[in-house]
Amino acid sequence: MGKVLKRLADGLIRALEIVMVLCMLVMLVMVFGNVMLRLFFNTGIDLSEEVPRFAFVWMTFLGAIVGMRKRAHLGVDLMVQLLPVAGRRVCWGLSQAIMLVCCVYIVYGTWLQHDIIAGNASPVAQLSMLWVYGVSYFTGAAIGLICLSNLVRLLMGRVPDHELIDVQEEGMEEAREAEHAMQAQTGAQGGRA
């Protein structure tokens, strides 16, 4: 069951990454196209003012989910590194609980503003602003689920010590994966000898 949920979560994160790339592509094409139209033909596309901005909002919110899942957000670990493992577990659990509360507030705040947001339309496309800012429902719920699953893992004792410090150096995840692969290969070769 755990492997199925992990594969499902990995697939969802991969889909979000693809949507983020599409948002970036829309932003690039529309802004560049509008600049070229204004520069060479003294005209432009009105939608190219709104759509890239909306794509940027979606890309930012979806990127927060991907960053949370991959543990890629910025953090300061100066004090936490000085703590023993038990203190790190407490701090990590508190940080997950605080983020979960923040996610509840994000979803609740969006729900309180739902009618106002849905009633407003964008000036050019006349698109309900819920299509733009409604992504906060998804982001709050997704990050909240990640935090909740992290808290459950912590209570069950399934959080490894290296995960208790959420600050990740760039490239360290790949280095850990390569180290595990080398250890597995060395173990397999030792078993054959």
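Helices here are DSSP runs of H or I with at least four residues, numbered from the N terminus. The model you have open is predicted.

**Stop 1: E49**

Select residues 47-69, which make up helix 2, and find E49 within them. E49 is partly exposed, and its relative accessible area is 42%. Now show its surroundings. Leaving aside residues up to four places away in sequence, E49 touches N34 and R38. Next, draw a distance from the C-alpha atom of E49 to that of V85. The two residues are 36 apart along the chain, and the distance between these atoms is 51 Å.

**Stop 2: helix 3 and helix 6**

Select residues 85-112 for helix 3 and residues 135-155 for helix 6. At what angle do these two helices pack? The angle is about 155 degrees, and the axes are 8 Å apart. Angles over 145 degrees count as roughly antiparallel, and helix 3 and helix 6 are therefore roughly antiparallel to each other. Their crossing is left-handed.

Show side chains at the contact. On the helix 3 side, the residues include R89, W92, Q96, M99, L100, C103, I106 and W111. On the helix 6 side, they include Y137, A141, I143, G144, C147, L148, N150 and L154. Sorted by class, the contact between helix 3 and helix 6 has 15 nonpolar residues, seven polar and one charged.

**Stop 3: V101**

Stay in helix 3 and select V101. V101 is partly exposed, with a relative accessible area of 45%. Draw a C-alpha to C-alpha distance from V101 to G144: the pair is 43 residues apart in sequence and 8.0 Å apart in space.

**Stop 4**

Select C91, C103 and C147. A disulfide is a covalent bond between the sulfur atoms of two cysteines. To count as one here, the two sulfur atoms must be within 2.5 Å. How many disulfides does the model have by this rule? The count is zero.

Start with C91, which is in no disulfide: the nearest cysteine sulfur belongs to C147 and is 16 Å away. C91 is partly exposed, at a relative accessible area of 31%.

Then move to C147. Is C147 buried or exposed? Its relative accessibility is 0%, so C147 counts as buried. C147 and C103 both belong to the contact between helix 6 and helix 3 seen at the second stop.

Key
Residues are numbered from 1 along each chain as its sequence is written. This is a predicted model: local features need pLDDT of at least 70, side-chain atom pairs count only at pLDDT 80 or more; totals for chains, interfaces and linings use all residues. Side-chain values use heavy atoms; hydrogens and water are left out. Buried means under 20% relative accessible area, exposed over 50%, partly exposed in between (1.4 Å probe, protein chains only). Axes are lines fitted to C-alpha atoms, for helices over the stretch in contact, and angles run from 0 to 180 degrees between N-to-C directions. Angles under 35 degrees count as roughly parallel, over 145 as roughly antiparallel, 65 to 115 as roughly perpendicular and the rest as oblique. A crossing is left-handed if the near helix is turned anticlockwise from the far one by less than a right angle, and right-handed if clockwise. Contact means heavy atoms within 4.5 Å. Ala, Val, Leu, Ile, Met, Phe, Trp, Tyr, Cys and Pro count as nonpolar, Asp, Glu, Lys and Arg as charged, and the others, Gly among them, as polar.
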